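This briefing concerns aromatic pairs, nonpolar cores and charges placed over rings. Please consult the sequence and the structure shown here alongside the points that follow.

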Amino acid sequence: MKIMTLNAHSHGEDISESIRDRNLDVLAECICRWQVDVIALQEVCQTQRADAVKKSGVHGFVPLGGTKMREDNYVLLLMKKLEEAGCRYYWTWDGIKSGYERYDEGLAVVSRFPITEAEEYVLSQTQDYGNWKTRKAVAAHVGCGAEGAWFVSAHMGWWGDTQEPFAGQMDRLQQKLSEKKGNIYLMGDFNSPADERNTGYDYVSGYGWLDLWKLAGNNGHAVTVPGKIDGWSAGAENGLCIDYIWSRHPVSVVSSRVVFSGEQEAAVSDHFGILAEIRETESIL
């Protein structure tokens with residue numbers, strides 16, 4: 001089983017339509033070629049002025065929340081690219097907040113196999129769609145058998161935020177996920193550097209979550225942000241690891257590597273992705 005997380009940073013003033021289309025081409029080609037089973041995506045957006053799309057007419061889509069889907073929805077465009085390449089996927093997406101007063105910024109889970117359930121959880125104290133500090137997680141249940149597994153896409157706040165601290169958001173997410181049976185893969189942008197002690201990374205680990213990067217036997221930490229980006233203007237000069245794939249239960253990890261870094265594959269975002277492979281004997285797919 002291959003699983004991947006990526007903060008797509010899909011829209012912004014620095015991203016033209018041609019750049020976005022090229023990023024989608026690279027992303028779709030790699031997903032198809034690698035046969036990735038489940039992908040968690042963050043910052044997958046749409047412009048609020050684009051024409052609306054009827055969700056009922058979209059292949060493989062499992063609706064969540066009340067955000068209208070629009071023609072330039074990044075995941076919708078990705079699904080079209082995948083289908084053109086002969087790769088059909090199932091997916092769920094919802095907007096979680098308004099970005100820069102122009103975008104619906106959302107989270108998604110994409111799967112090669114049918115999604116049997118989909119849920120979203122409010123993690124922040126505020127639920128104001130217009131507040132950029134609003135945080136949610138989107139979860140999808142995938143697989144066969146009595147339990148299958150849950151895959152969660154999350155985009156967390158900062159440890160030191162006095163209004164919306166990371167710890168409170170993780171506590172709310174942990175409470176929701178503790179009710180689930182079977183294994184859970186918690187994936188996304190945690191805005192918590194792996195080399196900082198007694199902050200977000202250690203807080204997640206303290207709940208018993210296992211970092212697949214470490215389970216794969218890698219030394220050190222992955223670099224998923226190569227330099228300064230929005231939200232990390234200080235301390236990011238030499239790169240940061242803030243994107244992770246966690247497992248609730250121990251699993252045998254064949255490999256975990258950085259993707260879309262500009263080395264083996266072209267960069268498609270201001271974040272790099274993480275791709276992990278779990279032994280087939282432990283796959284629920």
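**Aromatic pairs and nonpolar cores**

The count of aromatic pairs comes to 12. The model is a predicted one.

**Phenylalanine 190 and tryptophan 246**

- The ring centres of phenylalanine 190 and tryptophan 246 are 6.2 Å apart with the planes at 70°, so this pair is edge-to-face.
- Phenylalanine 190 belongs to the loop between strand 10 (183–189) and helix 4 (200–206), and tryptophan 246 to strand 12 (residues 243–247), so the pair ties together parts 56 residues apart in sequence.
- Phenylalanine 190 counts as buried at 1% relative accessibility, and tryptophan 246 is buried with a relative accessible area of 1%.

**Tyrosine 203 and tyrosine 207**

- With centres 5.8 Å apart and planes at 85°, the rings of tyrosine 203 and tyrosine 207 form an edge-to-face pair.
- Tyrosine 203 is partly exposed at 25% relative accessibility; tyrosine 207 is partly exposed as well, with a relative accessible area of 36%.
- Both tyrosines belong to a cluster in which ring pairs link Trp159, Phe166, Tyr203 and Tyr207.

**Charges over rings**

- Lysine 180 lies over the face of tryptophan 150, 4.3 Å from the ring centre.
- The charged end of arginine 257 is placed over the ring of tryptophan 34, at 5.1 Å from its centre.

**Nonpolar cores**

- The largest nonpolar core has 47 residues, of which Ile3, Phe151, Leu173, Tyr185, Leu186 and Leu212 touch the most other members.
- Beyond its neighbours within four places in sequence, isoleucine 3 contacts residues including Val36, Val38, Phe151, Tyr185, Leu212 and Ile278.
- A second, separate core of 35 residues includes Met79, Trp91, Trp93 and Val259.

Methods:
Residues numbered from 1 in each chain as written. Predicted model: local features only at pLDDT ≥ 70, side-chain atom pairs only at ≥ 80, totals over all residues. Heavy atoms only, no water. Core = buried A, V, L, I, M, F, W, Y, C linked by side-chain atoms within 4.5 Å. Buried < 20%, exposed > 50% of the residue type's maximum accessible area, 1.4 Å probe, protein only. Contact = heavy atoms within 4.5 Å. Phe/Tyr/Trp six-rings, centres within 6.5 Å; stacked < 30°, edge-to-face > 60°. Helix = DSSP H or I, 4+ residues; strand = E, 2+ residues; numbered from the N terminus. Lys NZ or Arg CZ within 6 Å of the ring centre and 35° of its normal.
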